[in-house]
Amino acid sequence: MILYRIDQALISLLVIVMTGAEVQENFSPECKRFLYMGTVPRGIEDQPFKKICQFYEGKPRFVTLYDTINRIPVYSAYTFKRSDGSRKVDVPWMYEPQLFTLSGSREMQQFPSENVPNSFGDAQALLDDYSDTVIFERGQLNPEEHQAQPADKAATYTLTNVVPQVRDFSIGPWKEYQHTIRRRLNNYCRGTAYVITGVTTSGHTIRRHNVNRLGIPTYFWSAYCCIDFDHNAPYAERSKLPAFASNGLNDRENNKVQEMTVQQLEEFLKRVTYVGSSFQIFYDNCMPPNSDSSALHTS
């Protein structure tokens with residue numbers, strides 16, 4: 001067991017209970033705009049998760065629910081931006097300062113090249129955690145190809161937005177699914193598209209120096225909501241609007257991404273992870289506020 005100085009131990013304790021400008025008890029209004037109707041998924045059981053409003057260059061870019069025990073995101077929620085799918089080059093990987101120290105900046109920061117404190121990685125992933133993983137790579141939950149502006153793309157390069165993703169799955173079925181969603185929302189979503197992408201875990205971890213460091217996702221899942229869409233779109237696409245979802249096994253084999261309704265995904269997640277019976281990804285199941293169904297809904 002490694003013994004830390006008392007000031008480091010106190011910092012680690014404060015991280016567990018802190019709130020701040022970026023790691024927040026509840027998302028601020030400027031950060032809720034990445035969530036449909038400003039509402040987080042309902043029915044996630046109490047866990048040691050942190051709500052991160054991902055700031056970059058002075059602006060919030062997306063939000064993340066982060067698991068400080070497994071040191072991976074539970075999900076990232078973002079608004080889709082029409083794009084050609086291009087990738088931004090030469091972006092350094094960043095970390096979340098407020099998961100390290102209470103007085104940290106609310107802006108994600110580039111990893112220091114030297115003099116890294118011992119407790120730096122207590123509550124979040126480090127670059128070294130991915131350095132010797134043969135079959136895994138850093139898989140973004142908010143993928144840069146779903147963003148258009150350089151700063152929005154750059155903001156996806158924080159380790160609080162990535163998980164260990166099997167390379168065969170990442171460059172194969174999941175990448176093709178991300179392309180499919182980009183084309184669909186580019187062509188047929190007329191308003192704002194809200195996307196939530198997350199993972200499930202089952203206890204498997206990446207270890208470093210005989211210590212469990214990162215939870216390995218079992219499944220990836222994703223769902224989108226776009227209430228203002230092209231009603232003249234081909235049926236094959238129109239039938240997947242205003243909302244649709246998917247999941248895929250994070251493995252080398254049997255990793256086909258399955259598209260499904262949001263409700264089918266919710267039922268799947270109720271079976272395989274810790275969400276409660278009231279779990280709902282989008283407020284009012286992504287029904288337009290003035291629809292008949294919504295009018296009957298009481299909150």
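Which residue of strand 4 stands opposite Ile52? In this predicted model, the residue facing Ile52 across the strand pair is Thr64. The two strands concerned are strand 3, covering residues 49-56, and strand 4, covering residues 59-67, which pair in the antiparallel sense over 8 bridges. Within this pairing, Lys50 is placed opposite Tyr66 of strand 4.

Among the residues involved, Leu65 has Tyr75 of strand 5 as its bridge partner. Here too the connection is a hairpin, with 4 residues between strand 4 and strand 5, and Arg71 in the turn shows a positive phi of about 60°. Strand 4 is mostly covered, with 8 of its 9 residues buried. In a regular strand, side chains alternate between the two faces of the sheet.

These strands belong to an open sheet of 8 strands, ordered 1-3-4-5-10-11-12-13 and paired in the antiparallel sense. Its edges are formed by strand 1 (23-24) and strand 13 (258-260), each of which pairs on one side only.

Helices pack against this sheet. Helix 4, comprising residues 167-188, lies across strand 5 (72-80), strand 10 (193-208), strand 11 (211-225), strand 12 (243-249) and strand 13, and runs at about 30° to strand 11. Helix 6 (residues 262-272) likewise packs on the sheet, where it touches strand 10, strand 11, strand 12 and strand 13; the direction of helix 6 makes about 40° with that of strand 12.

Helix 4 contains 22 residues and spans 30 Å from its first C-alpha to its last, close to the 32 Å expected at 1.5 Å a residue. A bend of about 40° occurs in helix 4 at Trp174, and Trp174 is itself buried. Other buried residues of helix 4 include Phe169, Tyr177, Gln178, Ile181, Arg182, Leu185 and Tyr188. An α-helix has 3.6 residues a turn, so residues three or four places apart point the same way.

Asn232 is located in the loop between strand 11 and helix 5 (235-238). Whereas Tyr188 is buried, Asn232 counts as exposed because its relative accessibility is 73%, above the 50% cut-off.

Notes
Residues are numbered from 1 along each chain as its sequence is written. This is a predicted model: local features need pLDDT of at least 70, side-chain atom pairs count only at pLDDT 80 or more; totals for chains, interfaces and linings use all residues. Side-chain values use heavy atoms; hydrogens and water are left out. Two strands pair if DSSP finds at least two bridges between them. Contact means heavy atoms within 4.5 Å. Axes are lines fitted to C-alpha atoms, for helices over the stretch in contact, and angles run from 0 to 180 degrees between N-to-C directions. The expected span of a helix is 1.5 Å times one less than its number of residues. The bend at a residue is the angle between axes fitted to the seven residues ending there and the seven starting there. Buried means under 20% relative accessible area, exposed over 50%, partly exposed in between (1.4 Å probe, protein chains only).
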